Amino acid sequence: MRILKKIILIIFVLIALILASGWMYTIYLKPSYSGEIKLSNIENETQVYYDEFGIPHIYAENELDAITTLGYVHAQERLWQMELIKRIAPGRLSEIFGKDMLKNDHFFVSLGIEETSKKAIEKLDKNGPAYMLAMAYLNGINQFIEKGPTPIEFTIIGIEKEKFELIDTYNILGYMSFSFAMAQKTDPFLSIIQKKLGIDYLKALDIAINPSSTLIKTTNQDLENFENLISNIDQILEKSPIPSFVGSNSWVVSPKKSSTGSVLFANDPHIEYSQPGTWYEAHISTPNYEMYGYYIAGVPFPLLGHNRNYAYGLTMFENDDMDFYNEENHPSNKNSYKTPQGYSTYQITSKTIKIKDDEDVTVEVKNTRHGPIVNNVIEEISDSNPIALFWAYTQLEGQVLNALHSISHATEMQDVKKGVSMIHAPGLNFMYGDVKGNIAWWAAAKLYKHKPHVNTKLILNGASGEDDIVEYLDFSKNPMAENPSWEYVYSANNQPDTTANMYYAGYYLPEDRAKRIVELLAPKNNWDKSTFETMINDVTSTVALNNIKEFTSIIDNNSFSEKEKNAIEVLKHWDGSNNIDDIAPTIYNKWIYLFLKNTFEDEMGEKLFNQFLKTTLMKRTIAVQLKKDTSIWWDNSITSKVIETKKDILSKSLIETVAALENQLGNEMTTWTWGKVHTLEHQHPLGTVNALRKYFNVGPFPLNGASEVINNTSYDFDKIEFGMYNITLGPSTRRIIDFSDIENSVSILPTGQSGNPFSTHYKDQAEMYNNGTFRKMKLNKEEIISSSTKLTILTNNE
């Protein structure tokens, strides 16, 4: 009995020791929000005040001290995120995740982002402020790597920390730029439609085709190549552990449209959800510089920011800065290709990709005058007809670091404009407002022209030279507006007005959000912070109501069952809102999916239709197609003895909608609420492992909003078939800056400031975000000190 008691005691002690050790380990891993830390290369003692949401307010005697401190505190919250995002462009994900990421790595090393980064760094002024501040920021990150605890993700995956270099920052910006692009999904898709179905089907999608142009002759092998190209690029982006940048809203009103007589500014960039989220907020204050900024991992200057004098933000321009070219191999020499001047030799380089628990893989990258050949990247693509990818980001000289420094260190509006003009890619809309009453927006991109016959949304002819770029436009010809007479500026990724006497080609999103923004902004002249808060959370779609009218105006009500008639009545009386307790959006979104499926899948085929659902073209097509009483797409090509009409397709879609929802949600229509199917879970890369999901992921939550409303909580249309609208992207932050009361401007993040799962700030904003509420972006030092913990940075320059 005594032996048994001793054994029980020993087991109890061991369990207690294990629990105590685990508790101590989690305490050790938590970020330091108070106390003292010694850092090298700091001239003067620096204070970091962490407010109640974990936002660091850094007070330093000079900017180099402040930015070094920023690098350290950013790394202690987001080092794992930094590690992942820096590995994408140079093709180093396989080193930590194994062979599953080989296709991603092969694709990204072929793009040439790293080579572009090296060239940009070579030309960077090493005595200039952008370089010096960037190096100070990296020095802060590296001091945390040396001195700070190793994040738990590194331990679970089994990798070592490694120091950051300037090329990592450039590679991160390169990946961010690629994630903005849409041509890689759309151009091959439209080329397939052209070859498979003909020009009439392209025209019916509102794709302009010059009838006098000579179109590239293609083979069945080309069709298969193009289908595999977009399918594989989709898979590569979906497997990326870091979110893509997708869309955004922003609007700024002049003093004449505000109740306070000052500028009001709103911005909510739409980015794929992840955990941690994209932005890290930090407030820097020195005797000569102040900025409250939103930083992405590994980048020293904020992409969004404001101070007491001005505010700036961004949306995606969605311009076309990426083209595919069909190259022509030499008939007897596979290492050369045809150009207008004769045959040229491919520039061939070898790249080695390291793979965890496996042998290294060496890949060959072929480059042409247009860019890299992508055939070798994707095994399913035949190399008999090489496809080259032109991308403005890698083909033109970039000054993105200097640009971001200039924008975040401006003293007047023209300084911001100058910084914006230095960005050649990705295409961005920079939004601006200031304390003097100025408002503006500028499209940042290096725009270019082709000959009139060229349609850049198709695969182009690379051999003849006839489809090459003929002119690059000066920044002064970019779309922009400064202090317009209508007293507001806005962007919702929609088509801008004419520039250089033309509508510039792009992959713009439909008018839904833009139309709603203008409907709200234009008639009202007494805007304030509170009404801006309501507007940025708006979930109403007037375009959806117009779409329903297109259906209800032509239907035969007697052809439907009672349940189907009830569904139609719900849609007829809908106010367009998308709240979690609403029933109409559940019916409407299922009906829209089935309308798309019944209209396009018969001609496209299942694989191509699913790829169509992933393009911005699909979203633009919805309202346009519904307005057409006659269209080549309405007829079901499979039913040879019947010619279907618009009425037939839309009625069939409604009948199938009701049947599907009954099967999924039950017979009682009052239970078909939007919140049951429209949910958000913020996914951590390790949360894909079931055992780790509850520790790393945040959610799931039912959420207000929908695709292409102002509160744009969107989902993958190709997954709707299964009845769930799992939200993939939405507002990555909501910011409202009021220049009449700058110290009470507000913001919110989707989950929290910290990427450390043991931090109290890992998900402390999630409930507020879901409810559409805000917290202050504090600038008042006394208020900050009174509500914060203090971390003191001491000099260690011995």
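## Serine 653 and its surroundings

Serine 653 touches Trp591, Leu594, Phe595 and Asn598, leaving aside residues up to four places away in sequence; contact means heavy atoms within 4.5 Å. This serine belongs to helix α22, residues 646-665. Helices (H or I, at least four residues) and strands (E, at least two) are DSSP runs, numbered from the N terminus. Serine 653 is buried, its relative accessible area being 0%. Buried means under 20% relative accessible area, exposed over 50%, and partly exposed in between (1.4 Å probe, protein chains only).

The model is predicted: local features need pLDDT of at least 70, side-chain atom pairs count only at pLDDT 80 or more, and totals for chains, interfaces and linings use all residues. Residues are numbered from 1 along each chain as its sequence is written, and side-chain values use heavy atoms, with hydrogens and water left out.

## Helix α5

Helix α5 spans residues 113-123, and Ile113, Thr116, Ser117, Ala120 and Ile121 are buried in it. Viewed down the axis of α5, the buried residues fall within an arc of 135 degrees, so they line one face of the helix; the arc is that of the directions from the helix axis to the C-beta atoms. Lys119, Glu122 and Lys123, on the other side of α5, are exposed. The packing partners of the buried residues of α5 are α4 (102-111), α8 (166-180), β15 (387-391) and α12 (392-395).

## The largest cavity

The largest cavity holds about 190 Å³ of space. A cavity is a set of points on a 1 Å grid over the protein atoms alone where a 1.4 Å probe fits but cannot get out, and lining residues have an atom within 4 Å of a point. A volume is the space filled by probe spheres set on the points, which are joined across faces, edges and corners. Of the 21 lining residues, Gln76, Glu77, Pro151, Glu153 and Asn756 are the closest to the centre of the largest cavity. Helix α2 gives the largest share of this lining, seven residues.

## Backbone features

| Site | Value | Location |
|---|---|---|
| Alanine 425 to proline 426, cis | omega about 5 degrees | proline 426: loop between α14 (413-421) and β16 (428-434) |
| Glycine 699 to proline 700, cis | omega near 10 degrees | proline 700: strand β24 (698-702) |

Asparagine 483 is partly exposed, with a relative accessible area of 38%.

Terms used. On a 1 Å grid over the protein atoms alone, a cavity is a set of points where a 1.4 Å probe fits but cannot get out, and a pocket is an open set with protein on both sides within 12 Å along at least five of seven lines; lining residues have an atom within 4 Å of a point.
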